[in-house]
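Dear colleague,

Please find below the structure that I am handing over to you. The findings follow directly after it.

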Amino acid sequence: MEPLFIGIDGAQDRLDVNVQPSGDAFTITRDESGLADLARRLEALGPRLIALEATGGYEVVVAATLAAAALPVVVINPRQIREFARSTGRLAKTDPLDARAMAAFAAAVRPAVRAIPDAQARLLGQLVARRRQLVDMLGAEHNRRRLIEPPTLKRRLDAHIRWLERALHELEDDIDTTIRSSPRWRTTEDLLRSVPGSGPITASTLIADLPELGHLDRRKIAALVGVAPINRDRGTLRGRRMIAGGRAAVRHVLYMATLSAIRHNPLIAAFYQRFVTAGRPGKRALTAAMRKLLVILNAILRDQRPSHSA
């Protein structure tokens with residue numbers, strides 16, 4: 001029997017489903033009864049793979065429902081779907097066409113199925129994401145205050161900055177409580193923080209946004225984060241290696257952790273200094289140090305041994 005591949009395009013109130021290679025398509029409501037019906041119908045089909053596009057959170061409940069029914073579901077980066085559709089000459093964009101493109105992508109690429117975060121993991125991810133938003137808002141308000149002259153407006157900005165700082169502090173307490181409520185996460189945080197330069201924000205972000213840490217080899221984890229050098233060769237020309245893609249939020253906290261590690265972690269400091277002494281540009285040396293720190297953190301979680309005994 002020919003394997004089936006299914007694409008699901010999710011909106012706020014409905015889901016468009018496409019089955020390949022048969023081309024069958026149907027729409028269901030995105031509510032409790034609709035999701036239960038979807039799981040039953042897909043179980044009866046027995047698909048090889050089900051692909052959903054990451055759509056700002058709309059996909060989470062759908063993916064979790066299908067995963068709970070032991071169905072092989074994978075959440076795909078929207079950019080991959082768009083590039084795949086363009087490469088096959090599909091320029092039009094509607095929900096049914098997007099579902100068809102996802103099914104075709106699943107059939108052609110067959111991305112690996114990864115575990116779907118449970119409710120507690122989703123909560124932590126949302127808390128960490130909200131912290132990033134508050135930090136961005138604080139930075140924007142501080143920048144505005146430097147440019148504003150009227151004292152009345154400055155006082156209002158000061159009040160908002162104080163409110164944001166209190167909200168950030170409370171949110172960080174919530175993140176710490178959430179992590180400490182899970183024995184597994186508590187152990188993971190302690191392991192990550194055993195590395196000089198890796199603090200509580202680095203640890204919580206890695207737990208929430210990089211669950212693959214400790215489960216992939218060093219090359220795959222570097223590529224996943226976006227700190228692996230990519231070849232840009234053509235014929236006899238050897239282009240400069242550059243990083244691209246990956247998880248920007250993880251890369252941002254890894255960057256800050258590496259700056260700290262260069263000052264406080266002798267291993268990372270020596271590694272960074274070797275690149276600088278060899279005449280490498282500072283940005284390239286820092287990227288290499290980021291990759292080195294990530295590989296160390298990955299090995300520590302893989303071996304379940306803190307830094308001082310690694």
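At the start of helix H11, a side-chain oxygen of Asn-265 comes to within 3.1 Å of the backbone nitrogen of Leu-267. Please bear in mind that this contact, like everything below, comes from a predicted model.

Helix H11 comprises the 12 residues 266–277. Four residues of H11 are buried, namely Ile-268, Phe-271, Tyr-272 and Phe-275. They lie on the same side of H11, because the arc they cover around the axis is only 95°. Pro-266, Arg-274 and Thr-277, on the other side of H11, are exposed. The cover over the buried residues of H11 includes helix H10 (248–264) and helix H12 (282–303). After H11 comes Gly-279, which has a positive phi, near 85°.

The nonpolar cores are the next topic. The largest nonpolar core has 48 residues, and those with the most contacts inside it are Leu-124, Leu-192, Leu-210, Leu-213, Leu-293 and Leu-294. Two or more residues each are given to this core by helix H5 (119–147), helix H6 (151–180), H7, H8, helix H9 (218–225), H10, H11 and H12. H12 supplies the largest share of this core, with 11 residues. Leaving aside neighbours within four places in sequence, Leu-124 is in contact with Ile-175, Thr-178, Ile-179, Trp-185, Ser-204, Ile-207 and Ala-208. There is also a second, separate core of 19 residues, and Leu-15, Val-19, Phe-26 and Leu-66 are among them.

Ser-198 may also be of interest to you. Ser-198 is located in the loop between helix H7 (183–193) and helix H8 (200–209). Its relative accessible area is 5%, under the 20% limit, and Ser-198 is therefore buried. A polar atom of the Ser-198 side chain lies 3.1 Å from the backbone oxygen of Leu-192. Not counting residues up to four places away in sequence, Ser-198 touches Leu-192, Arg-193, Ala-203 and Leu-297.

Turning to charged groups, side chains of opposite charge can pair when their charged atoms come close. The count for this model comes to 11 salt bridges. A network of salt bridges links Arg-180, Glu-189, Asp-190 and Arg-193. Arg-193 and Glu-189 are four residues apart in helix H7, so about one helical turn separates them. Glu-189 counts as buried, at 2% relative accessibility. Arg-180 is partly exposed, with a relative accessible area of 29%, and Arg-193 likewise counts as partly exposed, at 41% relative accessibility.

Another of the salt bridges joins the side chains of Arg-302 and Asp-303, at 2.9 Å, N to O. Asp-303 is partly exposed, with a relative accessible area of 35%.

With kind regards

Methods: Residues are numbered from 1 along each chain as its sequence is written. This is a predicted model: local features need pLDDT of at least 70, side-chain atom pairs count only at pLDDT 80 or more; totals for chains, interfaces and linings use all residues. Side-chain values use heavy atoms; hydrogens and water are left out. The expected span of a helix is 1.5 Å times one less than its number of residues. Buried means under 20% relative accessible area, exposed over 50%, partly exposed in between (1.4 Å probe, protein chains only). The arc is that of the directions from the helix axis to the C-beta atoms. Contact means heavy atoms within 4.5 Å. A polar contact is a pair of N or O atoms within 3.5 Å; within protein, one must be able to donate a hydrogen and the other to accept it, and residues adjacent in sequence count only if both atoms are side-chain atoms. A salt bridge is a side-chain nitrogen of Lys or Arg within 4 Å of a carboxyl oxygen of Asp or Glu. A nonpolar core is a set of buried Ala, Val, Leu, Ile, Met, Phe, Trp, Tyr and Cys residues joined through side-chain atoms within 4.5 Å.
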